[in-house]
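Let me put it up on the screen.

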Amino acid sequence: MTTLFTPHAPLPATDVTESLRPFGESRMLPAAAYTADDVFAWERRHLLAGSWFCLGRWQDLWASGATQRSALVGDIGVLLTRADSHGLAFANTCRHRGHELLPAGGAAPRRSIVCPYHAWTYTLDGQLQAAPGFREVASFEPDEHGLVPLPLRVWRGWVFVNATGDASDFEEHVGAMASLLAPYRPETLVPLARHDYEVAANWKVVCENYHECYHCPLIHPELCAVSPPTSGDNYKSEGAWVGGTMELREGVETMSLDGRSDGRPIEGADQHTVAYLGLFPNLLVSAHPDYVMTHRLVPLAPGRTRIECAWYFPDSSVDPAYAVEFWDRTNRQDWAACESVQRGLASPHFRPGPLAPNEDAIYDFVSMVARGYRGEPLARADAH
């Protein structure tokens, strides 16, 4: 089958190789990886649609009573359906002439999927139910024209779709992150707050910022007051994810402006650390002693990313303001830094720099992206 894209990203091979050199010798990705339209187009197909993209929480997607919902995953339209308690995913394209079954971002409560172009109708499990005008066509086989199914997984309450249909096994993708997140049982937590941001920066700049606290002493005084910026360790384990921990200062209960919690501890969660886990490509999970916060990234353009930030608690009666106020302030500090980085990357004088000794998590993320650019598996080959 021919494709509009090559298996490798449209970047000089030597530039990508520099990012894959051993830690301490490597360089950051070239500026084009963050600013070029052709690289972003390649990423949309191969790193976003071609991986396990998080679409949000299962309950949030169906809160309005819809039975079908559409989304754009990378550059591929996806149709989600819900029948009873299970969900399915299909290509959002009619098997007749290719019309979208729902516009991107659309939802409907119908028990059948009806193409608005010629009324071809499908069941919620993708079978062709009616094709007007084809009843008398002897050679027409309805069973041959069902919707194209796509892999979907609901994991810890979040919905993941592989829009190209050829990603690695989901359990292999998640790897050891599954056991690290298990004590927090995020699927049982209650969503109590959400903020939406639009950041004028590349999605990878946001991820890189998330995975280091080298910048914390200069721009995050509130965070440094409750957590030493040099504390914690980064994980090295199997799966397409990056992560680590930071410790809370003595006497601090959680990440808040005064270090106190207005909620209650998550039973079984570590009460002295915060875990920062980034599942490729677009879900960042920050697990605290008393709440879980997520950043779900939706790349919009080379220099533009929508970020959905949500807070989850073990008790619906909690006032989430103590966590929201702290992280909204911290988020905005980060977004300003990311936007400045993006502007700097656009300079003709930018050259990829080295990584500091405490930026090993960024190395893990950048090398994962670089492997993807070369058409190689995302997960670390030397994980332990």
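**Rings, sulfurs and a covered strand**

So, let's start with a group of rings: Trp52, Trp155, Trp158, Phe160 and Phe170 make up one aromatic cluster. Before I go on, please keep in mind that this is a predicted model.

How many aromatic pairs does the structure hold? The count comes to 20 aromatic pairs. Let me pick one out of the cluster. The ring centres of Trp52 and Phe170 are 5.1 Å apart and the planes sit at 80°, so we call that pair edge-to-face. Now look at where the two residues come from. Trp52 is in the loop between helix H3 (37-48) and strand S1 (53-57), while Phe170 belongs to helix H5 (residues 170-174), so this pair ties together parts that lie 118 residues apart in sequence. And are they buried or exposed, Trp52 and Phe170? Buried, both of them.

Compare that with a pair made by sequence neighbours. Phe326 and Trp327 are also an edge-to-face aromatic pair, with 5.2 Å from centre to centre and 85° between the planes. Phe326 and Trp327 are both buried as well.

While we're on rings, have a look at Arg57. Which rings does its charged end sit over? One is the ring of Trp158, with the charged end of Arg57 4.9 Å from the ring centre. Trp158, remember, is a member of that aromatic cluster. The other is the ring of Tyr312, where the distance from the charged end of Arg57 to the ring centre is 4.7 Å.

What about its handedness? The torsion about the S-S bond of Cys213 and Cys216 is about -105°, so the disulfide is left-handed. Both of those cysteines, Cys213 and Cys216, are buried.

Then there's Cys94, which is in no disulfide; its nearest cysteine sulfur belongs to Cys115, 3.8 Å away.

Last stop, strand S14, residues 273-279. How many of its residues are buried? Seven of its seven, so to speak: the strand is mostly covered. Thr273, Ala275, Leu277 and Leu279 point one way from S14, and Val274, Tyr276 and Gly278 point the other way, yet all are buried.

S14 has strand partners too. With strand S13, residues 241-247, S14 pairs in the antiparallel sense over seven bridges. If you want one to find on screen, go to Trp241, whose bridge partner in S14 is Leu279. Then comes strand S15, residues 283-287, which also pairs with S14 in the antiparallel sense, over five bridges. There, look for Tyr276, which has Ser286 as its bridge partner in S15. S14 and S15 form a hairpin, and three residues lie between them.

Definitions and conventions. Residues numbered from 1 in each chain as written. Predicted model: local features only at pLDDT ≥ 70, side-chain atom pairs only at ≥ 80, totals over all residues. Heavy atoms only, no water. Phe/Tyr/Trp six-rings, centres within 6.5 Å; stacked < 30°, edge-to-face > 60°. Helix = DSSP H or I, 4+ residues; strand = E, 2+ residues; numbered from the N terminus. Buried < 20%, exposed > 50% of the residue type's maximum accessible area, 1.4 Å probe, protein only. Lys NZ or Arg CZ within 6 Å of the ring centre and 35° of its normal. Disulfide = S-S within 2.5 Å. Pairing = 2+ DSSP bridges.
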